[in-house]
Structures are given as structure tokens and as C-alpha cells.
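Please look through the model shown here with the text below at hand.

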Amino acid sequence: MHLKIDKVYKSFGYGAQRKEVLSDVSFDIHSGEFVALVGSSGSGKSTVMRLIAGLDQPSSGTISMDGSKIEKPGPDRGMVFQKYSLYPWLTAAQNVAFGMQLQGRPKREVRERCSYFLDVVGLGDAARRLPQELSGGMQQRIAIARALAAEPKVLLLDEPFGALDIQIRESMQEFLHDLWRRTGLTALLITHDLEEALLLAGTVHIMAPSPGRIVRSVSVDLDRSAMAHLRVSPEFLSMREELAHCLRGLEPAVGA
Ligand SMILES: Nc1ncnc2c1ncn2[C@@H]1O[C@H](COP(=O)(O)OP(=O)(O)O)[C@@H](O)[C@H]1O
Ligand SMILES: [Mg+2]
């Protein structure tokens, strides 16, 4: 699998209202990679995501999957958003089954895969619960199970833990890393949280706003076997500090 974002520009509006939101954005994701896009709010991260999802088209440049241009949404890209996108009237299992039913998979296969993916996210026991009976973290795990059940080539995560409390967010980061290690999934994580990006991704692209663009790309080669240790390791902290400095330098001055 090779997802290629190649010299992508995106503008909204016309004439004097025209606003350039993405300028010359290029990066690649290959099978098994975990890539993160980090930037402050408004730097165009969700726009990149929507273009990869096929929900919108670049103004120029191309996005392709294995050489084919992406023009519309498809099951090869699984999406998870910040806001819980579960159907509140369906149980956890029914939510996971939903996409597979749309794909027209046989009932028995849907049932088996459903319990398999609920187990993958550690929520086999919650199959019959409604979303409102589950914590925010559990709901996001169900959303991830639902996305994985459709067997996407790449999992697209847009601020998936942004609405969660800090402790839950940290345990979800550990969960996502563990899931990536166990299943060998390919993921693009979009976040404004630099620490989250560095903890999880092998490649981190830093975006700046107005217009949204990638200003720095780093390979992150850290020992992630013990994430609690990693968070406070000197190596991690100095990398975070340096890049935080870079990100801060990109913020518009107060009052500007
Ligand atoms: N459909 C749209 N029409 C006009 N402007 C948009 C549209 N979508 C996004 N924008 C603008 O593009 C910029 C980047 O937005 P977005 O991609 O959501 O950033 P981020 O996800 O990094 O916070 C913002 O200034 C936003 O107002
Ligand atoms: Mg966004």
C-alpha cells in the first residue's frame, strides 16, 4: 500500500474571499507505517484528512492510493473522528457490524468479525451495550473497531482522543500503540498534541497555518516498549522540547 499526497493545494471561496488553506503539501504513507500530522488549530489538518478520505478534491496536486487517484470515499480508508460518531440507538456490536452489513458481507461472517474486532479493542464484554452506557474512551475504541472491521488499507484518525480527559487520553495512546504493534495496521494520526504524535508515530510532519503547509518532517526512532517510561525519558523530552519550540515559533504573535 502506498498513499501519496503530492503537491496538494487547496483554496476555499472565490475572488476577494478566496483563502488558501493548503499550500504544497506532500508526504507518503506505506504499509505498516504510523505517520502523524501535527499543527495548531486552523493549520489545515482536517482539510488534508477530508481530501484523503475523498470527501473533497484538491485545488491542484494529487492524492493517490497505489497509483490510483482518490476521487471519492471508499472502504480502503477507515475514518475515526474526535466526536463520537457511533449511532446512539445501536449497540456496540451493531455499530461495529454496520459498515460490514453495508458491504454486503454474509451474516455469519459479520457476526464473527464483529466479536473478533470487539476483542481486538478489548471490549468483547460490551457487545450489547449502548454507546451512552460506555465511557468516552470505550466509545472511541468501538469507533476504531468499526473502522478496522471494514479492513481499510489505512486508518485515518482525526484528533481521535481530543475530547477525552488526560488520563483516559494517555491510556488510549498506549492502547493505540499496542494495537498498531499487534495488528500491523497503517495509520495517519492527526493531532494538535505534539507529545501524542511523538509517542505514536514513526514519522511526524509539523504543519504551520496560513496557508497550511508542512514546515518540518522528523523520523522518530524511540524505544516504545514502555510508554510510561518513554514519556519522561530525557531523549523524548529533549525531542519534544525542540519541536515544541519549532511549533511555538509558528504561532501568530498575540494580537497580530
Ligand atoms: N469548507 C470550508 N470553507 C471555507 N473554509 C474552510 C473550509 N474548511 C476549512 N476551512 C478553513 O481552512 C482552515 C483550516 O481548517 P482545518 O483543516 O479544519 O484545520 P485544522 O483541522 O488544522 O484545525 C481554517 O481556517 C478553516 O476555517
Ligand atoms: Mg481539525
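Predicted model: local features only at pLDDT ≥ 70, side-chain atom pairs only at ≥ 80, totals over all residues.

Residues are numbered from 1 along each chain as its sequence is written, chains are lettered from A and ligands numbered from 1 in the order in which they are written, and side-chain values use heavy atoms, with hydrogens and water left out.

The ligand site comes first. Around ligand 1 are Phe12, Lys19, Val21, Ser40, Ser41, Gly42, Ser43, Gly44, Lys45, Ser46 and Thr47; a residue is placed in this shell if one of its heavy atoms lies within 4 Å of the ligand. By class, two of the shell residues are nonpolar, seven are polar and two are charged. In this scheme Ala, Val, Leu, Ile, Met, Phe, Trp, Tyr, Cys and Pro count as nonpolar, Asp, Glu, Lys and Arg as charged, and the others, Gly among them, as polar. At least two shell residues come from each of strand 2 (19-30) and helix 1 (45-53), and helix 1 gives the most, with three residues. Helices (H or I, at least four residues) and strands (E, at least two) are DSSP runs, numbered from the N terminus.

A polar side-chain atom of Lys19 lies 2.5 Å from a ligand oxygen. For the side chain of Thr47, the distance from an N or O atom to an oxygen of ligand 1 is 2.6 Å, and for that of Lys45 it is 2.9 Å. On its own, ligand 1 has 560 Å² of accessible area, of which the protein covers 58% (Shrake-Rupley method, 1.4 Å probe; for residues, only the protein chains shown count as cover).

Strand 2 also holds Asp24. Asp24 is partly exposed, with a relative accessible area of 41%; buried means under 20%, exposed over 50%, and partly exposed in between (1.4 Å probe, protein chains only). Leaving out residues up to four places away in sequence, Asp24 touches Lys7, Val8 and Tyr9, where contact means heavy atoms within 4.5 Å.

Helix 5 covers residues 166-183 and has 18 residues; its first and last C-alpha atoms are 25 Å apart, close to the 26 Å expected at 1.5 Å a residue. That expected span is 1.5 Å times one less than the number of residues. Arg169, Met172, Gln173, Phe175, Leu176, His177 and Leu179 of helix 5 are buried. The elements that the buried residues of helix 5 pack against include strand 3 (34-38), helix 3 (107-120) and helix 4 (136-149). After helix 5 comes Gly184, with a positive phi near 65°.

Gly124 sits in the loop between helix 3 and helix 4. Its relative accessible area of 32% makes Gly124 partly exposed, and Gly124 touches Leu118 and Asp119, not counting residues up to four places away in sequence.

His205 belongs to strand 9 (residues 203-208). Why does His205 count as buried? His205 counts as buried because its relative accessibility is 7%. The side chains of His205 and Ser217 are joined by a polar contact of 2.7 Å.

Definitions and conventions. Polar contact = N/O pair within 3.5 Å; in protein donor to acceptor, adjacent residues only side chain to side chain.
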